[in-house]
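This briefing goes through one predicted protein model by topic. Please look at the structure first, then read the points below.

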Amino acid sequence: MSDNQKNARNKKVLYGIIALLGVVIVVLGIYVYNLSNRSTTTIVTAPTKSASSEKASSSTKKYVEGKDYKITYSNTNLIDKATIQKGLKASYLTDNNDLMNTDEQTGSNMAKIEVYYNKDKNLLVERLFKNGYQGNQDSARVVYDISQGKIPDNGADTDSHYLDLPLVYTWEKLTK
């Protein structure tokens, strides 16, 4: 075997090794990417705090359902939870930390949210009660049009008579 043939063979082997390493690097890159973007569940337990330290760290506190707030679905035979959640998400009412935050500049300062379902018009009527509300007087009302998948530009039916509609969702703040 001549030197030229040996060099050609060595180049082919070298190129094969480089190609194999390239494939390994791509596969490892995909694996690492999938690991870093994997959905994880973390269980957080809230430590006991004094009132003053709770105020100071309210922006980092993780609120616990059943302890700090309560969510109730009712009349689930009329409308599914996923549709209700879409309406709440469109209204930015799904972040419990934001709902619990009493800072008017950065939080929603909510005490209660009620969602009623208007089957005839395919609407969700969301009644929002800020902390300090009195009686049955809501602080704001938002309508979500299920057919359009959005809050109508004209705020259609924000004054609609919701009390005859079935209540399908309630979010209540439990802590003071």
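Leaving aside its neighbours within four places in sequence, S91 touches E126, V142 and I151, where contact means heavy atoms within 4.5 Å. The model is predicted, so local features need pLDDT of at least 70 and side-chain atom pairs count only at pLDDT 80 or more, while totals for chains, interfaces and linings use all residues. Residues are numbered from 1 along each chain as its sequence is written, and side-chain values use heavy atoms, with hydrogens and water left out.

**Around S91**

- S91 sits in the loop between helix 3 (81-90) and helix 4 (96-100); helices (H or I, at least four residues) and strands (E, at least two) are DSSP runs, numbered from the N terminus.
- With a relative accessible area of 13%, S91 is buried; buried means under 20% relative accessible area, exposed over 50%, and partly exposed in between, with a 1.4 Å probe and protein chains only.
- The side chains of S91 and E126 are joined by a polar contact of 2.6 Å.
- A polar contact is a pair of N or O atoms within 3.5 Å; within protein, one must be able to donate a hydrogen and the other to accept it, and residues adjacent in sequence count only if both atoms are side-chain atoms.
- E126 also has V142 in strand 4 as its bridge partner, and V142 is among the contacts of S91.

**Strand pairing**

- Strand 2 (residues 110-118) and strand 3 run antiparallel and are joined by eight bridges; two strands pair if DSSP finds at least two bridges between them.
- M110 is placed opposite K130 in strand 3.
- Strands 2 and 3 form a hairpin with four residues between them, and N122 in the turn has a positive phi of about 55°.
- On strand 3 there is also a link to strand 4 (residues 140-145), which runs antiparallel to strand 3 through six bridges.
- Seven of the eight residues of strand 3 (residues 123-130) are buried, so that the strand is mostly covered by the under 20% criterion.

**Salt bridges**

- The structure holds five salt bridges, each defined as a side-chain nitrogen of Lys or Arg within 4 Å of a carboxyl oxygen of Asp or Glu.
- One of them pairs E172 with K70, with the closest N and O atoms 3.7 Å apart.
- This pair links distant parts of the chain, since E172 is in strand 5 (residues 167-173) and K70 in strand 1 (residues 69-73), 102 residues apart.
- E172 is partly exposed at 28% relative accessibility, and K70 is partly exposed with a relative accessible area of 38%.
- E114 forms a salt bridge with K112, where the closest N and O atoms are 3.2 Å apart.
- E114 is buried with a relative accessible area of 9%, and K112 is buried at 14%.
- D138 forms a salt bridge with R141, with the closest N and O atoms 2.9 Å apart.
- D138 is buried, with a relative accessible area of 11%, whereas R141 counts as partly exposed at 24% relative accessibility.
- Salt bridges that share partners join K112, E114, R127, D138 and R141 into one network.

**N101**

- N101 lies in the loop between helix 4 and strand 2 and counts as buried at 14% relative accessibility.
- Its contacts, leaving aside neighbours within four places in sequence, are T106, G107, S108 and N109.
- The C-alpha atoms of N101 and K61 are separated by 9.6 Å, with the two residues 40 apart along the chain.

**Surface and whole chain**

- V13, I17, L21 and I25 make a nonpolar surface patch of about 390 Å², and L21 is in helix 1 (residues 3-36).
- Patches are made of residues with over 30% relative accessible area and no salt bridge: like charges are joined within 9 Å, nonpolar side chains (Val, Leu, Ile, Met, Phe, Trp, Tyr) within 5 Å.
- The protein chain exposes about 12,100 Å², of which carbon and sulfur atoms supply 53%; accessible areas come from the Shrake-Rupley method with a 1.4 Å probe, and for residues only the protein chains shown count as cover.
- The chain has four helices and five strands, in the order α-α-β-α-α-β-β-β-β.
- Of the 176 residues in the protein chain, 28% are buried.
- Among contacts with a separation of 6 or more, 52% involve residues 24 or more positions apart.
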